[in-house]
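Here's a quick briefing to read with the structure open beside you. Keep the sequence handy too, and click along as you go.

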Amino acid sequence: EGLPSLSATALIRGVLMAATVLIIFIWGLVAVDLRHERELHVAQAERDTENLGIAFENNVVSTLNTIDGLLLSLRHDVLESQSLATSIDMLNWVHNGPLKGSIVQVAVIDANGYLTFTSANQPAKPVFVGDRDHFKAHVGASDDKMYISKAIRARTSSPRSHERRIH
């Protein structure tokens, strides 16, 4: 015969249940979408961080290679041309030569560990640095490598040094 009649209360309950299920379903979709968006952003941030790390590493390697090349150039000029025999010549080379704008200070340490020249403030009396790691690294060394010191409190000025042995 006909459809059974539903009471108004039962009808309202049915509609509320369906609406509740629909709202829960929609919020579930929103949560899944937000999680997916977050994962995408985290993955992109990781890629960006890795790329920045690679760029920084390349920049550091390039800078150190440039410093090493400049130190080799200085060594060559000192040993071969003898044009840097005086402090005035050395200062001119540092400030107007290939180091111009690249390095803050150049220092020369003799075989006994005494600072014989610095492009920074020249000390009034000899400064002994033969006890420092950056000097000891070259004593008796047979390899020809640049040495980068750990951070130390300098006796003259520069807190970090990149060095090459001149022989």
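**A first look**

Leu 29 is found in helix α1, which covers residues 8-81. Helices here (H or I, at least four residues) and strands (E, at least two) are DSSP runs, numbered from the N terminus. What you're looking at is a predicted model, where local features need pLDDT of at least 70, side-chain atom pairs count only at pLDDT 80 or more, and totals for chains, interfaces and linings use all residues. Residues are numbered from 1 along each chain as its sequence is written, and side-chain values use heavy atoms, with hydrogens and water left out.

**The chain as a whole**

- The chain has three helices and five strands, and from the N terminus on they run α-α-β-β-β-α-β-β.
- Of its 167 residues, 19% count as buried; that label means under 20% relative accessible area, while exposed means over 50% and partly exposed lies in between (1.4 Å probe, protein chains only).
- Take the contacts (heavy atoms within 4.5 Å) between residues at least 6 apart in sequence: 41% of them join residues at least 24 apart.

**How confident is the predictor?**

- The mean pLDDT (the predictor's confidence in each residue, from 0 to 100) is 79, and 75% of the residues reach 70 or more.
- Confidence is highest in α1, at a mean of 90, and lowest in strand β5 (residues 162-163), at 53.

- Leu 29 is partly exposed, with a relative accessible area of 48%.
- Leu 29 also belongs to a nonpolar surface patch, together with Leu 22, Ile 23, Phe 25, Ile 26, Trp 27, Val 30 and Leu 34.
- Together these residues have about 840 Å² of accessible area, worked out by the Shrake-Rupley method with a 1.4 Å probe, and only the protein chains shown count as cover for residues.

**The three-stranded sheet**

- Three strands make an open sheet in the order β1-β2-β3, with antiparallel pairing.
- β1 (107-109) and β3 (127-128) stand at the edges with a single partner strand each, so one side of each has no neighbour in the sheet.
- β1 and β2 pair over three bridges (strands pair if DSSP finds at least two bridges between them), and Ala 107 stands opposite Thr 118 in β2.
- The β1-β2 hairpin has four residues between its strands, and Gly 113 takes a positive phi near 95° there.
- β2 (residues 114-118) and β3 pair over two bridges; Tyr 114 has Phe 128 as its bridge partner in β3.

- Ala 137 is found in the loop between α3 (133-136) and β4 (147-148), and is partly exposed at 30% relative accessible area.
- Ala 137 and Tyr 147 are ten residues apart in sequence and 7.2 Å apart in space, C-alpha to C-alpha.

Technical notes:
Patch = residues over 30% accessible without salt bridge, like charges linked within 9 Å, V, L, I, M, F, W, Y side chains within 5 Å. Salt bridge = Lys/Arg side-chain N within 4 Å of Asp/Glu carboxyl O.
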